[in-house]
Amino acid sequence: MSTQSKGTLLDVDDLRVTFPTRTGLIEAVRGVSFSLGRERLGIVGESGSGKSQTGRAIMGLTPPQARISANKLAFDGIDLLAASPRERRALRGKRIAMILQDPKYSLDPVMSIGRQIVETLRTHEKVGKAEARDRALAMLEAVQIRDPARVFDLHPHEVSGGMGQRAMIAMMLIAGPEMMIADEPTSALDVTVQLDVLGILDRLVSERGMGLIFISHDLRLVSSFCDRVIVMYAGKVVEQLKASELGRAQHPYTRGLLNCMPRIGFERHPLPVLDRKPEWAA
Amino acid sequence: MTAAIAIDGLEVIFDRFRALKGVSLEVRSGESFGLVGESGSGKSTLLRAIAGLAPVASGSITVNGKKLGPRRDKAFYREVQMVFQDPYGSLHPRQTVDRLLQEPLAIHGFADGEKRIQRALDEVGLGSGFRFRYSHQLSGGQRQRVAIARALILEPSILLLDEPTSALDASVQAEVLNLLEEVRRRRKLTFLMVSHDLAIVTHMCERLMVMQGGEAVENLTAAQLVAHRVTEDYTRNLLRASEGFVRTA
């Protein structure tokens, strides 16, 4: 466990991710800085804001052609940019986990759910087959799957989206990570299922004292779930604030994002639209 | 006044799966009506059945006083057009915007194509600068505007909207919703709109039907929903879910 700065799990300073393209360099992330303790941090932005690339850079999943630079990108004191691929691989799945948007695409379609969970566990820990199976079943139960033994043997196409997403959470949590990056974990789910999955995630994160980075385009959802919110626009952080103080957001982009969504009981015709200013991206 | 769309006891069966279990519905002319439900509720199937894209097993669909048979003729598509959810999937990737908009005109034998294309593009807020672009050169919001232009170019009286903004960013969604409201007002269109988002439906529609598992759960006016005057538990759950995450401590 971290012994230096109290409770800081992740330190990001001036992170940049650049993609070479035919027409020149595209800077997807342009100098993002933040730190994460054992808390729930939301990163919000629209498509192309660089929120997912920020998460992927921390996880070490940036495509090989892209260039990453940062003054500091450290997880629990480990310099992630200096770490070897082998060291990164040992971190991924073990100490840092990631949940992706759509279980349809991010689970292996030709492997049963149980085997995928067992595979994660046995990659990172020396455990016997029987014990691995027991722990996988216990984990499936922890994500509130009612009949774990049955689901264990099912393939991803045989389960619903909500069930698939719970299975993914189980797979990510089985090795006991200290930090979790969830990239739009509930966007592919129905609203009522969304709340169940968030409830499970919330409970497990607080029980295990994990740090959570919750990436989403949905500012309202994030602010109802997280402790702190970072708002990104065009690869930069335009505003950082406590989720409870979202109503007092200063930046016109944050306020515009909040305003432009229809809300039940607040009739506005036409809806206010974002008037994007070039200086926001400057 | 006759109903724009009247549906009575509609059953849709895929192989042995009953996707719609005897749904009835009436949409008045000039009205904006919403269908709300989660995946698998049959809301999109209902829309597709009207457009002739789903196998109707029994029941009747009447559009503008005319009962529909198993096949839709050209005259039907002059009256009823549809906008789909995914603007990336619903535009031909190798056709320019101009070509895309010409297609319906050619099918229906319109002579003044030039003028109509220009007017349609203006109407959805895309200048003529977009006319000879391919869909991959457009953003999601621009593509959805093209899809709306394509639906409007035949001057239909009814628009079927299947989650028209769910693939778009919130700020772009606001723009597209505003555009839809504006064209509806200007052209006195009837909307039948499907969405999983209660807030969008109450914003856009005067009345709505909540669906679950291929059946109608509840018929409501937008005002009743806003006032939380709902009678079914399922609707209440949806309402609660739309208010965001609440921590149970």
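Strands (E, at least two residues) and helices (H or I, at least four) are DSSP runs, numbered from the N terminus. Two strands pair if DSSP finds at least two bridges between them.

This is a predicted model: local features need pLDDT of at least 70, side-chain atom pairs count only at pLDDT 80 or more, and totals for chains, interfaces and linings use all residues. Residues are numbered from 1 along each chain as its sequence is written, while chains are lettered from A and ligands numbered from 1 in the order in which they are written.

**View 1. The hairpin of strands 1 and 2 in chain A.** Two residues lie between strand 1 and strand 2 of chain A. The strands, residues 10-21 and residues 24-36, run antiparallel and are joined by 10 bridges. A:Arg16 stands opposite A:Arg30 of strand 2.

**View 2. Strand 1 of chain A beside strand 5 of chain A.** Four bridges link strand 1 to strand 5 (residues 72-75) in the antiparallel sense. A:Leu10 has A:Phe75 in strand 5 as its bridge partner.

**View 3. Strand 1 of chain A beside strand 4 of chain A.** Strand 4 covers residues 67-69 and runs antiparallel to strand 1, with three bridges. Here A:Val17 is the bridge partner of A:Ile68.

**View 4. Chain A against chain B.** In contact (C-beta atoms, placed from the backbone, within 7 Å) are 28 residues of chain A and 25 residues of chain B. Helix 8 (191-208), helix 9 (219-225) and helix 10 (252-259) of chain A each give two or more residues to the chain A side. Helix 8 supplies the largest share, six residues.

Terms used:
Two residues are in contact if their C-beta atoms, placed from the backbone, lie within 7 Å.
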